[in-house]
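Subject: Handing over a structure

Hello,

I am passing this structure on to you. Please open it first, then read the notes below.

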Amino acid sequence: MRHDAPVSTPAHHPPILPPATIGILGGGQLGRMLGIAARAMGYRIAILDPDPACPAAAIADRVEVGGYGDVAAALRMAEGCAVITYELEHVDAALVDALAARLPVRPGALPLRVTQDRLAERRFVEDAGVPVAPWRELRAGDAAGLAAAARELGLPLRLKAVFGGYDGRSQIRVASEAELAGAWAALGRPDGQPVLAEAELAFADELSVVCARGADGTILPFPPGRNRHDAGILVETLQPAPVPPAVAEAAAGIAGRLADAMALVGLLTVELFRMPDDRLVVNELAPRVHNSGHATMDAAQTSQFEQQIRAVCGLPLGSPAPLAPAAMVNLLGAGPRRPARLLGVEAALADPAVHLHLYDKREVVERRKMGHLTALGATTAEALERAHAALSRLRWADDGDGLPPPGARP
Ligand code: ATP
Ligand code: MG
């Protein structure tokens, strides 16, 4: 893929003002929180999502039910919209092209193409002069290729499906020679599909930067967050990341450089590994708001959601300055699939520095992202302690709790 073709920044477009309608591809929690920010500013919202009861449905003016490859549904959704944005990168390229022929799609079609394909993403980042972990392109089922990659990259390594991965799905860790033989079966991708093989890095920290780029090219990064994952799924973020100022500046600089290279209008999130010697290596890009930026809702002058709306509407960006050190912890589903009823909310909110955000998902599913908590503190360490204390007071109701069905009058 070539990225050096000039991409015009549509600075000449007049700003999109309320009560214009913003179309959002995807009605999950990110679409819901984007929609809430847009509504607060007086915009109207149309959503495309396969599920009519998606988390964003409750805050949308209109939901068109359709998958992310359903061009006809996307065009229905776009009717009456002034701009289209998205909450996920796994959208069919043909659908985006059909929309982009009619109205602005921001952050843009190129950022989607780059980030929905892990190989294109690695090449893009390298072309911009930014380091990534050593990698090889393989085909699923190629035992000789995998053996060669293991020799050249070393073990452990990661095998990642090129398309469609999120929350650590569609990737496996190959720890030893003995695991090579069963690796392709464990990844479970049809033979011949492209796969990214990557050296596993012994990083000191995982960081991420959510960076805004305005319609006029203004770059404004939020302070980096420090992330902790559990089996590939984000569980907590500290913001600002407790790292030396030079590391924070370097991380923000990388994010700005990549946002410029993509000429995107909106947000770019860059996930980075900080190596023990403070070198930064890019892991992944997302051209959108990100789970690791949720603390900005309560702890920054402008939330990442408001920032994305301002950017895609061609408005001046808001200040990303933090209000206080903060921690965000994800509230994940646990136990068997069942209606979602959360217990312990009063106890969790007894700490006035704690904020609860629930996504109104109808069912609890093991490890599904159901909501998050943020806490503010004098330091990020204190904020994290408060967030975890609040989290420990919450649990999902089960049959034994004998609760009336959701929606019943108390
Ligand atoms: P998400 O969309 O939630 O970010 P994902 O499925 O796209 O997840 P990655 O970001 O590639 O997956 O990986 C998830 C996590 O697995 C990383 O945040 C990191 O903790 C770990 N990981 C991935 N690749 C590597 C690597 N090369 N070396 C060390 N750890 C890695
Ligand atoms: Mg990731």
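A helix here is a DSSP run of H or I at least four residues long, and helices are numbered from the N terminus. Keep in mind that this is a predicted model.

**Helix α5**

Just after α5, Gly 129 takes a positive phi of about 80°. The helix itself spans residues 118-127, and seven of its 10 residues are buried, so the rest of the structure largely encloses it. Those buried residues are Arg 118, Leu 119, Ala 120, Glu 121, Arg 122, Phe 124 and Val 125. The N-terminal end has a cap. Asp 117 provides it, with a side-chain oxygen 2.9 Å from the backbone nitrogen of Leu 119.

**Helix α10**

Next, go to α10, residues 304-312. This helix is mostly covered, with eight of its nine residues buried. Among them are Phe 305, Ile 309, Ala 311 and Val 312. Gln 304, Gln 307, Gln 308 and Arg 310 are buried too. Just after α10 comes Gly 314, with a positive phi of about 75°.

**Ligand 1**

Now the ligand. Which residues come nearest to ligand 1? Of the 20 around it, they are Lys 160, Gly 168, Glu 198, Glu 206 and Glu 284. By class, the shell has 10 charged residues, five polar and five nonpolar. Four strands each supply at least two residues of this shell: β6 (157-161), β8, β13 and β14 (280-286).

For Lys 160, the distance from a polar side-chain atom to an oxygen atom of ligand 1 is 2.8 Å. For Asn 283, it is 2.9 Å. For His 229, an N or O atom of the side chain is 3.3 Å from an oxygen atom of ligand 1. On its own, ligand 1 has 610 Å² of accessible area, and the protein covers 94% of that.

**The aromatic pair**

The count of aromatic pairs comes to one. Phe 203 and Phe 273 form it, and they are stacked: 4.8 Å centre to centre, with 0° between the planes. Why does this pair tie together separate parts of the sequence? Phe 203 is in the loop between β8 (194-199) and β9 (205-213), while Phe 273 is in strand β13 (residues 266-274), so the pair joins parts that are 70 residues apart in sequence. Phe 203 is partly exposed, at a relative accessible area of 35%. Phe 273 is buried, at 10%.

**Glu 236**

Look at strand β12 (residues 233-239) next. Glu 236 is found there. Is Glu 236 buried or exposed? Its relative accessible area is 5%, and a residue under 20% counts as buried, so Glu 236 is buried. The side chain of Glu 236 makes a polar contact with the side chain of His 388, at 2.9 Å. Beyond its neighbours within four places in sequence, Glu 236 is also in contact with residues including Arg 226, Asn 227, Arg 228, Met 328, Val 329 and Leu 384.

**Backbone points to check**

Most residues other than glycine have a negative phi, and most peptide bonds are trans.

- Ala 231 is not a glycine, yet has a positive phi of about 45°. Ala 231 lies in the loop between β11 (225-230) and β12, and is exposed at 64% relative accessibility.
- Arg 367 is not a glycine either, and has a positive phi of about 70°. Arg 367 lies in the loop between β19 (363-364) and β20 (369-376), and is partly exposed at 29%.
- Pro 18 and Pro 19 are joined by a cis peptide bond, with omega about 10°. Pro 19 is in the segment before β1 (21-25).
- Arg 106 to Pro 107 is also a cis peptide bond, with omega near 10°. Pro 107 is in the loop between α3 (93-100) and α4 (109-115).

**Pro 52**

Last, Pro 52. This proline lies in the loop between β2 (44-49) and β3 (62-65). Pro 52 is exposed, at 54% relative accessibility. Not counting residues up to four places away in sequence, Pro 52 touches Ala 57 and Val 65.

Best wishes

Methods
Residues numbered from 1 in each chain as written. Chains lettered and ligands numbered in written order. Heavy atoms only, no water. Phe/Tyr/Trp six-rings, centres within 6.5 Å; stacked < 30°, edge-to-face > 60°. Buried < 20%, exposed > 50% of the residue type's maximum accessible area, 1.4 Å probe, protein only. Polar contact = N/O pair within 3.5 Å; in protein donor to acceptor, adjacent residues only side chain to side chain. Contact = heavy atoms within 4.5 Å. Near = heavy atom within 4 Å. Areas by Shrake-Rupley, 256 points an atom, 1.4 Å probe, with all protein chains shown as cover. Nonpolar A, V, L, I, M, F, W, Y, C, P; charged D, E, K, R; others polar.
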